Every structure is written in C-alpha cells, then in structure tokens.
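Subject: Structure handover

Hello,

Here is the structure I promised to pass on. Please open it next to this note.

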Amino acid sequence: EAKSEDKFGKLPATVRTSALSAGFLWDLLQERRARALRRARGFDTLVTLLKTVKLVEPKREIVRMLAPALRPQHKAKLGTHRGHHYTDNVLGCGSMAVSKLRSSVDALFQVLAGLLHPSSDTDNATRLAILSAWGMKYDVQDQHAGAGWH
C-alpha cells in the first residue's frame, strides 16, 4: 500500500485501484500481443521449413511434431477432448496481431494442402501426419480463412 501511495499521491482509493487495474490490463494485453506475434513467427518458420526442406524424412518429422503442437492434450475426464485453438490466450491482442496470426496459419495450411495434393511427391506417412495436424480445433473465422486450403 505504501508503494501505491507513493506512486499515486493522495488520490482516493477507488482512483488508485482503477489506475493499478489499467496498468495490469495494459501489461496483460501487451503480453497477449507478444504471444500472438510469437505464434505467427513460429507458423511462418514452419512454412519456410516445409518449403525449403526437400528430403522426405526431415519433412515428415517437421509435420509429425506439428499435430501435437496444434492439439495439446490436457488432463480431462475420460472420453473428452480438450485441445486448443491457435488464437487461445490472445484475446485483446489487437487486430494487427490477430490478422498476422491468422494469415500465418492460413499460409501454413496452404503449404500442407499442397503437400496433400496428388501431384506432390509427398509419401503416405507424411500425408497421414498432415491429416493428423488438420484435426485441430476450428472456429467460425477459420471457415472463411480456410477457403484457400484446397
């Protein structure tokens, strides 16, 4: 209390609480923005790797680690599935950060769709790993973004 008294002088307690809450909220939103941009950078890195790696085994391993990253399992009651969505815990991060995150996911799934295409030289084990990654949790916005995933 002495620390907040020094920082806010003789402001009424309700004003001090509001000022502290605003600071906490600002920090929270900045952390969520940073989280969204880190996720986008990670998806962009995967796109770069999948486009540049030509050997079958390394590409398959990249895709294999993708499915659990998109659908981490949490302890839940028997028979329930609680994965996560790539926008979880970024609420309030700002429209630019959400847009960047969604475009990065869109780019990743376009690359994955290309690897599934019959004309690609992708082996069957990698195709199965791609299908496993596609089992992530989706929301309404993904239906519109995913129009290019074919």
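Predicted model: local features only at pLDDT ≥ 70, side-chain atom pairs only at ≥ 80, totals over all residues.

Residues are numbered from 1 along each chain as its sequence is written, and side-chain values use heavy atoms, with hydrogens and water left out.

Confidence: mean pLDDT (the predictor's confidence in each residue, from 0 to 100) is 78 for the protein chain, and 67% of its residues reach 70 or more. Helix 4 scores highest, at a mean of 92. Helix 1 (residues 2-8) scores lowest, at 51.

Fold: the protein chain has 6 helices and 0 strands. Helices (H or I, at least four residues) and strands (E, at least two) are DSSP runs, numbered from the N terminus. Of the 150 residues, 31% are buried, meaning under 20% relative accessible area with a 1.4 Å probe, protein chains only.

Helix pair: helix 4 (residues 95-116) packs against helix 5 (residues 124-133) at about 145°, with axes 10 Å apart. Axes are lines fitted to C-alpha atoms over the stretch in contact, and angles run from 0 to 180 degrees between N-to-C directions. Helix 4 brings Phe109, Leu112, Leu115 and Leu116 to the contact (heavy atoms within 4.5 Å), and helix 5 brings Arg127, Ile130, Leu131 and Ala133. That makes 7 nonpolar residues, no polar and 1 charged. Here Ala, Val, Leu, Ile, Met, Phe, Trp, Tyr, Cys and Pro count as nonpolar, Asp, Glu, Lys and Arg as charged, and the others, Gly among them, as polar.

Best wishes

Terms used:
Buried < 20%, exposed > 50% of the residue type's maximum accessible area, 1.4 Å probe, protein only.
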